[in-house]
Amino acid sequence: MAYTSPKAEHLLREKGERVTPQRVAILRAVMQSGIHPDADAIYRHVCAEHPYISRDTVYRTLAMMEERGIIGSVLFVGNSKRYDPNTANHHHLVCLRCRKIVDFTAQSMDCLEPPPSTTRKFRVLRTTVHVEGICEECAGRTRR
């Protein structure tokens with residue numbers, strides 16, 4: 001689904017945020033990517049439309065959008081944070097070779113809770129499962 005400027009503007013307004021051309025372009029870049037882009041990929045995409053936008057503006061805007069629940073993120077140790085347009089409860093398949101991330105839903109995983117002994121000093125905000133493996137494309141390259 002193409003993510004248009006009016007939809008991006010509506011989402012920003014709905015969350016009480018100022019609507020600027022740069023913010024709309026950043027949100028569109030996340031939504032239209034079809035993948036889980038990192039901040040640098042978003043920056044490169046937005047620069048085509050707004051050549052004078054700074055990397056700092058992109059990073060701060062992504063942080064604000066994540067904090068306000070406009071977008072989500074996927075973070076893996078040793079890798080850059082990847083941004084996710086899907087804010088509904090879902091989980092991720094991660095290819096260990098090409099780093100592709102695929103969303104999936106599974107009600108059985110939605111209700112997973114950490115043991116009470118681990119959450120006494122930690123407030124759980126959400127639970128998401130990351131399943132690591134090798135995607136079909138990478139597995140096919142190995143067999144050849």
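Tutor: This is a predicted model. Start with Lys7, which lies in helix H1 (residues 5-14).

Student: Why is Lys7 called partly exposed?
Tutor: Its relative accessibility is 39%. Buried means under 20% and exposed means over 50%, with partly exposed in between. Lys7 therefore counts as partly exposed.

Student: Which residues of helix H3 are buried?
Tutor: In H3 (residues 39-49), they are Ala39, Ile42, Tyr43, Val46 and Cys47.

Student: How do you know that they sit on the same side of H3?
Tutor: Look at the arc around the axis. They cover only 135 degrees, so they are on the same side of H3. The face turned away from that buried side carries the exposed residues Arg44 and Ala48.

Student: What covers the buried residues of H3?
Tutor: The cover includes helix H2 (21-32), helix H4 (55-67) and strand E2 (82-84).

Student: What makes Asp38 a cap for the N-terminal end of H3?
Tutor: A side-chain oxygen of Asp38 lies 3.3 Å from the backbone nitrogen of Asp40. The cut-off for a polar contact is within 3.5 Å. Asp38 caps that end of H3.

Student: Why are H2 and H4 called roughly perpendicular?
Tutor: They pack at an angle of about 70 degrees, with axes 10 Å apart. Angles of 65 to 115 degrees count as roughly perpendicular. H2 and H4 therefore get that name.

Student: Which residues of H2 make the contact with H4?
Tutor: Arg23, Ile26, Leu27 and Val30 of H2 do. Among their partners in H4 are Thr57, Val58 and Met65. The residues of this contact divide into seven nonpolar, two polar and one charged.

How values were computed:
Residues are numbered from 1 along each chain as its sequence is written. This is a predicted model: local features need pLDDT of at least 70, side-chain atom pairs count only at pLDDT 80 or more; totals for chains, interfaces and linings use all residues. Side-chain values use heavy atoms; hydrogens and water are left out. Buried means under 20% relative accessible area, exposed over 50%, partly exposed in between (1.4 Å probe, protein chains only). Helices (H or I, at least four residues) and strands (E, at least two) are DSSP runs, numbered from the N terminus. The arc is that of the directions from the helix axis to the C-beta atoms. Contact means heavy atoms within 4.5 Å. A polar contact is a pair of N or O atoms within 3.5 Å; within protein, one must be able to donate a hydrogen and the other to accept it, and residues adjacent in sequence count only if both atoms are side-chain atoms. Axes are lines fitted to C-alpha atoms, for helices over the stretch in contact, and angles run from 0 to 180 degrees between N-to-C directions. Angles under 35 degrees count as roughly parallel, over 145 as roughly antiparallel, 65 to 115 as roughly perpendicular and the rest as oblique. Ala, Val, Leu, Ile, Met, Phe, Trp, Tyr, Cys and Pro count as nonpolar, Asp, Glu, Lys and Arg as charged, and the others, Gly among them, as polar.
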